[in-house]
Amino acid sequence: MSVTELDSLDTLVSLAKSRAFIYQSSEIYGGLGAVYDYGPLGTELKRNIRDFWWKEMTQRHDNIVGLDSAIFMHPKVWEASGHLDGFNDPMIDDKQSNKRYRADMLIENHIAKLRSDGKAEKADELQERLDTAGSREGVCEDLYQIIIDEEIRAPESGAFEWTEVRQFNLMFKTQFGATSSGRDDDDAVYLRPETAQGIFVNFKNVMDTARQQVPFGIAQIGKAFRNEVVARQFVFRMREFEQMEMQYFVEPGTDEESYDHWLKKRLDWHKRLGIRESKLRTHPHPEDKLAHYAEQAADIQYEYPIGWQEVEGVHNRTDFDLSQHMEHSGKKLEYYDQQKQEKYVPYVIETSIGLDRTVMMVLCDAYREEEVDGDTRTVLKMNPQLAPTKVGVFPLIKKDKLQDLAHKITDDLREDYNVLYDESGSIGKRYRRQDEAGTPFCITVDFDGVESEGEDTVTIRYRDDMTQDRVPVSRLKEVIDEKMKSWKPE
RNA sequence: GCGGGAGUAGCUCAGCGGUAGAGCAUCUCGUUGCCAACGAGAAGGUCGCCGGUUCGACUCCGGUCUCCCGCUCCA
């Protein structure tokens, strides 16, 4: 049998829509860029993945507790975290080389060059203009004017073909207070660009009230927002997305060991999620590419149709965040070790995974097209635990006797699983419909099962290999649970 | 952001200067005896949006939005 895997994102986008997994946001208005909505099946899938993570990261550990912090936070949080400085730059593009530069840096370099050429007076004058940029028109307009007036050329191409200067605000800004004018920066609050900061600012609260001793972790799942420069590739890079993060607080000196431990543990989680090992790898960041807060960092990557991409990041954030918040808030965020009788600011190992990217990974990894008797079967062979619908229940044909039992089975199983009753179309069509939705089990009620002696029996058909077993109705749950547990990716 | 491609039914797409089509999907009725393949019928589109040319625009032109590919960027 020939089997084809997912080769293009387009195919997945079509399937995701037609099978009610994922829709583009505000589609009837032409769509909103890089924002997506989850449909009925997508919502279930996402919830199952979210639960799978939450169970692993909290329930399975005595020393990891949950948190649900607000999306709005005090603006000073972002000063302390470095997000405000780091991601608010005026940028300009060289149209010839398509290179992008920081407009203020171009001018600074130009000033430095003037000085080294002995043109100190001219340099001072420009420095003055640079320092007061924003006082004439906007910052962008003023910087642009300087670049044009001075005929500053692109460092690499030597071209003088600039776009306008644009401010890149990677954080979404909004106003706090219903009567805000919208122009007063004092009212500005930001939509959090990462959930991590909610954990750091609650570190003291949790330590004081949740009876945790270092080492311990705080886990959180929530939305984050980033004004991506280039937001593309379906739900891989969205402006509004959901993170699942755990910050693990350790004694300095034990951080490297803990980092290795969590990296390994997280990779293992992806395998248990049902992702094929050959499609997963870890990818350490070279030192010169580390984020401003990190000492060690690695991606856990999946081989999407668009190539190897980061699903999760594991970072050693050191004591950067807690120290920053200590300095900016003036509050002590230290831990006192009773045994050793010493105080320290804990180091933090972060595991941060994108939920939407995980949904996309699960869909990509599960997708198969198989040739069956000259026909193509599209099937999502995902971990049954993640499947939006667990069981389809069908009467073989529309006869009271079969329908009655099928309804009864549906009601019985509903207590434990997401069940779908379907009697429309041929039986084969109903199986294939469920294959595309990833439903792992289909139960069919037939005459052989209800007309024979003894307890009623039904057939249960398995999504992955299309084989069937005949089982008594009373054993259905047992069989489903057993198959669900023993499932392995192909 | 730059360059290229695309936008017509839920999905995949055809079409043409004269007021819209197919396959699949959906719904109803019939049929049905285990893998999308039967019969009859129905519903569904201001052809992405705005403007221009024209007697007339889904079709030509301009703008705009969205998506895809490449480059660039990225916490």
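This is a predicted model: local features need pLDDT of at least 70, side-chain atom pairs count only at pLDDT 80 or more; totals for chains, interfaces and linings use all residues.

User: How do you know how confident the predictor is in chain A?

Analyst: From pLDDT, which runs from 0 to 100. Chain A has a mean of 88, and 91% of its residues reach 70 or more. The model as a whole scores ipTM 0.87 and pTM 0.87.

User: Why is Asp435 called buried?

Analyst: The cut-off for buried is under 20% relative accessible area. Asp435 has 0%, so Asp435 is buried. Asp435 sits in helix α14. Not counting residues up to four places away in sequence, Asp435 touches Arg377, Thr378, Val379, Leu380, Arg461 and Arg463.

User: What makes the pair Asp435 and Arg461 a polar contact?

Analyst: The limit for a pair of N or O atoms is 3.5 Å. The side chains of Asp435 and Arg461 are joined at 2.7 Å, so the pair qualifies as a polar contact.

User: And why does Met466 get "partly exposed"?

Analyst: That label covers what falls between the two cut-offs, under 20% for buried and over 50% for exposed. Met466 has a relative accessible area of 28%, so partly exposed it is. Met466 is in the loop between β23 and β24 (468-472). Leaving aside neighbours within four places in sequence, its contacts are Glu370, Val372, Arg377 and Arg461. As for Asp446, that residue is 20 residues from Met466 along the chain, with 17 Å between their C-alpha atoms.

User: What makes a set of residues a nonpolar core here, and which members of the largest one touch the most others?

Analyst: Members must be buried, of a nonpolar type such as Leu, Met or Trp, and joined through side-chain atoms within 4.5 Å. In the largest core, 58 residues pass, and Leu45, Trp53, Met360, Leu363 and Met382 touch the most other members. Helix α12 (residues 355-366) gives the largest share of this core, eight residues. Apart from it there is another core of 22 residues, including Phe441, Ile443, Val458 and Leu476.

User: What does Trp53 contact beyond its neighbours within four places in sequence?

Analyst: Ala219, Gln220, Ile221, Met244, Glu245, Met246, Arg266, Trp269 and Ile353.

User: Now the RNA. Which residues come nearest to RNA strand B?

Analyst: Being near takes a heavy atom within 4 Å. There are 45 residues around RNA strand B, and Lys17, Leu170, Tyr431, Arg433 and Phe447 come nearest. On the RNA side, sugar and phosphate account for 50% of the atoms that come within 4 Å of the protein.

User: How do you know which parts of RNA strand B pair up with side-chain N or O atoms?

Analyst: Ser14 has a side-chain N or O atom 2.5 Å from a phosphate oxygen. For Arg432, a sugar or linking oxygen is 2.8 Å away. For Arg237, a base oxygen is 3.4 Å away. Each of these is inside the limit, so each counts as a polar contact.

User: Which element gives the largest share of the surface near RNA strand B, and how do its residues divide by type?

Analyst: The largest share, seven residues, comes from α14. By type, the surface divides into 13 nonpolar, 15 polar and 17 charged residues.

Definitions and conventions
Residues are numbered from 1 along each chain as its sequence is written. Chains are lettered from A and ligands numbered from 1 in the order in which they are written. Side-chain values use heavy atoms; hydrogens and water are left out. Buried means under 20% relative accessible area, exposed over 50%, partly exposed in between (1.4 Å probe, protein chains only). Helices (H or I, at least four residues) and strands (E, at least two) are DSSP runs, numbered from the N terminus. Contact means heavy atoms within 4.5 Å. A polar contact is a pair of N or O atoms within 3.5 Å; within protein, one must be able to donate a hydrogen and the other to accept it, and residues adjacent in sequence count only if both atoms are side-chain atoms. Ala, Val, Leu, Ile, Met, Phe, Trp, Tyr, Cys and Pro count as nonpolar, Asp, Glu, Lys and Arg as charged, and the others, Gly among them, as polar.
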